[in-house]
Amino acid sequence: MREVYLNGQFLPEDQAKVSIFDRSLLFADSVYEVTSIVEGKLIDFKNHMKRLDRSMKELGFEKSLNHDEILNFHRQLIKLNNLNEGIVYLQVTRGVFDRDFTISQKNISPTVFAFTQEKKIVESESSKKGIKVMTVDDLRWKRCDIKTTQLLWPSLAKTEAFKKGFDDAWMMREGYIMEGTSNNAWIVRSKNVFTRQSDQLILSGITREAVLNCAKNLGYEVIFKNFTLPEVESAAEAFITSATSFVTPVIQINEKKIGEGEPGEFTKALRAEYIKQAIKSSI
Ligand code: PDD
């Protein structure tokens with residue numbers, strides 16, 4: 001059984017309980033971060049903390065949290081659970097008070113919890129075979145730049161994709177690809193790599209940020225620009241980035257193969273470069 005973290009305590013997972021009045025349960029009033037672990041170390045932890053601060057600030061949470069304390073309990077969780085490779089999931093909710101649409105209470109203590117999940121990320125099956133995605137409408141709210149736990153639409157969309165034989169869904173607004181259900185979307189055309197510009201309609205990925213430099217190291221230019229479904233269909237390669245998938249090839253969109261319908265050479269090189277850099281800077 002896993003040991004998890006809840007509000008300052010380490011507990012067996014079946015003993016960690018939160019109130020039914022937690023704003024997270026009642027209003028999805030909470031934010032989260034997922035940090036990957038390779039060889040027992042945290043990848044890009046500092047940038048995850050910066051984004052956590054931003055998400056909390058955008059929702060008007062009263063105080064930010066101490067990053068050293070968070071680092072400390074992340075490391076403790078890794079140790080207690082003997083985690084070599086996988087993720088640490090962290091969630092911060094606004095806290096507990098009687099159900100009320102108005103957030104009127106002051107000095108509410110946030111609920112903070114975290115747990116580990118084992119996952120093969122470096123040698124994942126999907127990175128070797130590539131994934132197939134289908135397109136769906138993006139029915140999320142228009143503040144996708146905040147990493148909230150309002151994840152019902154992405155979860156339903158991914159489930160629908162699975163039922164239809166795909167691995168994930170790419171969400172679209174007004175003819176443009178926004179992002180995957182829990183990852184950023186990219187395409188490759190000649191020596192250019194395209195990923196959507198950052199604004200309020202997508203999450204600015206921490207992995208994406210790190211991958212930018214890797215792409216440049218490989219002699220590619222990164223262009224932040226919207227792209228359409230026909231542009232994906234005619235791209236040489238496509239891939240996704242996230243903390244849980246690193247760089248993973250996309251080999252098919254709807255019924256159309258991308259490129260040769262196999263993981264592309266650039267994507268493979270980019271993945272290797274990213275993993276090398278990520279491990280080097282892990283803490
Ligand atoms: N998801 N876009 C969305 C909508 C996401 O949920 C995520 C991450 C990303 C990639 O961000 P990053 O590179 O910082 O992981 C983009 C995490 C992994 C999750 O929900 O499990």
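Predicted model: local features only at pLDDT ≥ 70, side-chain atom pairs only at ≥ 80, totals over all residues.
Biologist: How do you know what area domain 1 and domain 2 bury between them?

Modeller: Buried area is the accessible area, found with a 1.4 Å probe, that two parts lose on being put together, summed over both. For domain 1 and domain 2 the value is about 1800 Å², with 62% of it on carbon and sulfur atoms. On the domain 1 side, Y32, I43 and R51 lose the most area to domain 2, together 33% of what that side buries.

Biologist: Why is the pair E58 and R143 called a salt bridge?

Modeller: The term asks for a side-chain nitrogen of Lys or Arg within 4 Å of a carboxyl oxygen of Asp or Glu. In E58 and R143 the closest N and O atoms are 2.9 Å apart, so the pair meets the cut-off. Between domain 1 and domain 2 the count is two salt bridges.

Biologist: What makes one space a pocket and another a cavity?

Modeller: Both are found on a 1 Å grid over the protein atoms alone. A cavity is a set of points where a 1.4 Å probe fits but cannot get out; a pocket is an open set with protein on both sides within 12 Å along at least five of seven lines. Lining residues have an atom within 4 Å of a point. Points are joined across faces, edges and corners, and a volume is the space filled by probe spheres set on the points. By that rule, the largest pocket holds about 1200 Å³. Among the 50 residues of its lining, Y32, T181, S182, N183 and T244 are the closest to its centre.

Biologist: Why does the largest pocket lie where it does?

Modeller: Domain 1 and domain 2 both give residues to its lining, so the largest pocket lies between them.

Biologist: How do you know which cavities to list?

Modeller: The search of the whole structure finds two cavities of 30 Å³ or more. The lining of the largest cavity includes A236, P249, I258 and T267. Strand 15 gives the most to that lining, with three residues; strands here are DSSP runs (E, at least two residues), numbered from the N terminus.

Biologist: What makes the second largest cavity a matter of both domains?

Modeller: Its lining draws at least three residues from each of domain 1 and domain 2. S36, I43, D44, H48, I206, T207, A243 and Y274 line the second largest cavity.

Note on methods. Residues numbered from 1 in each chain as written. Heavy atoms only, no water. Helix = DSSP H or I, 4+ residues; strand = E, 2+ residues; numbered from the N terminus. Domains from an automatic or database assignment.
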